[in-house]
Amino acid sequence: MNLDLSGRRALVCGATQGIGRASAIQLAQLGASVTLAARDEGRLAETVSVLPDDGGQEHDWFAADFADPDAVGEGVRGVLDAGHAYAILVNNTGGPAAGRAIDASVGAFIDAFRMHLASSQTLVQALVPGMRAAGYGRIVNVISTSVRQPIPGLGVSNTVRGAVASWAKTLSMELGPDAITVNNILPGYTETQRLESLIRTKAQKGGTSEDEVRREMLAQIPLGRFASPDETAAAIAFLCSPAAGYITGQSICVDGGRTQTI
């Protein structure tokens with residue numbers, strides 16, 4: 001199986017923690033040079049320092065707030081102007097706040113679309129020309145199992161994740177002739193700061209303990225445990241590899257069997 005990414009460069013978003021950080025490390029382990037993108041410059045510098053570089057990779061980063069697509073565009077133009085050409089894009093950013101859709105403000109929906117769809121579109125438009133020129137492109141969007149089965153209490157997130165999935169499917173049809181694949185990873189409950197925040201919020205609203213919320217969540221998972229970020233990152237890294245060249249337009253659950261759809 002050809003998993004070798006030597007000589008290719010990846011841009012990984014939300015790369016300083018959780019699934020994004022784990023993905024950056026695994027792509028570097030497969031030989032890719034990696035550009036990290038996130039908000040926190042200190043965490044970016046720390047993360048880039050731990051990326052494997054035994055294959056001569058050159059890693060770097062830029063800081064941008066994904067709530068501001070213009071800032072994201074400015075950041076990616078900077079690395080392109082530095083001479084980078086990208087074969088891989090991993091779109092990944094933190095989810096909207098928990099809450100019911102009916103209670104959410106219009107502004108909350110607009111903010112979520114800016115962060116999750118407009119910023120991703122900005123990056124795709126910037127990087128696809130280089131992918132076309134190279135005859136190789138991998139775009140992987142980290143979204144949510146709510147694409148298959150809406151999650152109660154995550155109204156804004158359910159809405160915007162579905163929009164991203166439809167956008168990605170459309171792109172897969174448009175970019176397939178250029179040998180560019182576009183896929184979505186749908187993480188289930190994964191041991192990240194996002195999960196801890198959701199558990200805390202659900203416990204506070206339900207008047208119960210965080211341990212009880214955890215037990216309720218675990219009861220929904222056939223494998224009986226939460227995922228580690230590394231497990232989700234492994235699926236992302238595979239989709240970025242040459243071995244996954246005939247997989248496109250797919251939304252793949254990495255959820256321990258929790259999603260109850262085929």
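This is a predicted model: local features need pLDDT of at least 70, side-chain atom pairs count only at pLDDT 80 or more; totals for chains, interfaces and linings use all residues.
Local features need pLDDT of at least 70 and side-chain atom pairs count only at pLDDT 80 or more, while totals for chains, interfaces and linings use all residues, and side-chain values use heavy atoms, with hydrogens and water left out.

**Exercise 1: helix 6**

Work out what span helix 6 should have, and sort some of its residues into buried and exposed.

*Solution.* Step one: helices are DSSP runs (H or I, at least four residues), numbered from the N terminus. Helix 6 covers residues 193-206, which makes 14 residues. The expected span is 1.5 Å times one less than the number of residues, so helix 6 should span 20 Å; its end C-alpha atoms are 20 Å apart, which agrees.

Step two: buried means under 20% relative accessible area and exposed over 50%, with partly exposed in between (1.4 Å probe, protein chains only). Leu195, Leu198, Ile199 and Ala203 are buried in helix 6. They cover an arc of only 130° around the axis (taken from the directions from the helix axis to the C-beta atoms), so they sit on the same side of helix 6. Over on the other side, Gln193, Gln204 and Lys205 are exposed.

Step three: look at what follows. After helix 6 comes Gly207, with a positive phi near 65°.

**Exercise 2: the largest pocket**

Which helix gives the most residues to the lining of the largest pocket?

*Solution.* Start with the term: on a 1 Å grid over the protein atoms alone, a pocket is an open set of points with protein on both sides within 12 Å along at least five of seven lines, and lining residues have an atom within 4 Å of a point. The largest pocket is lined by 36 residues, and Asn92, Thr93, Gly94, Gly95 and Arg194 lie nearest its centre. Helix 1 (18-29), helix 5 (155-175) and helix 6 are the elements that give two or more residues to this lining. Helix 6 gives the most, with 4 residues.

**Exercise 3: Ser172**

Is Ser172 buried or exposed, and what is Ser172 in contact with?

*Solution.* First find Ser172 in helix 5. Its relative accessible area is 6%, so Ser172 is buried. Now check for contact (heavy atoms within 4.5 Å). Skip the neighbours within four places in sequence, and Ser172 is in contact with Val182, Thr248 and Gly249.

Note on methods. Residues are numbered from 1 along each chain as its sequence is written. On a 1 Å grid over the protein atoms alone, a cavity is a set of points where a 1.4 Å probe fits but cannot get out, and a pocket is an open set with protein on both sides within 12 Å along at least five of seven lines; lining residues have an atom within 4 Å of a point.
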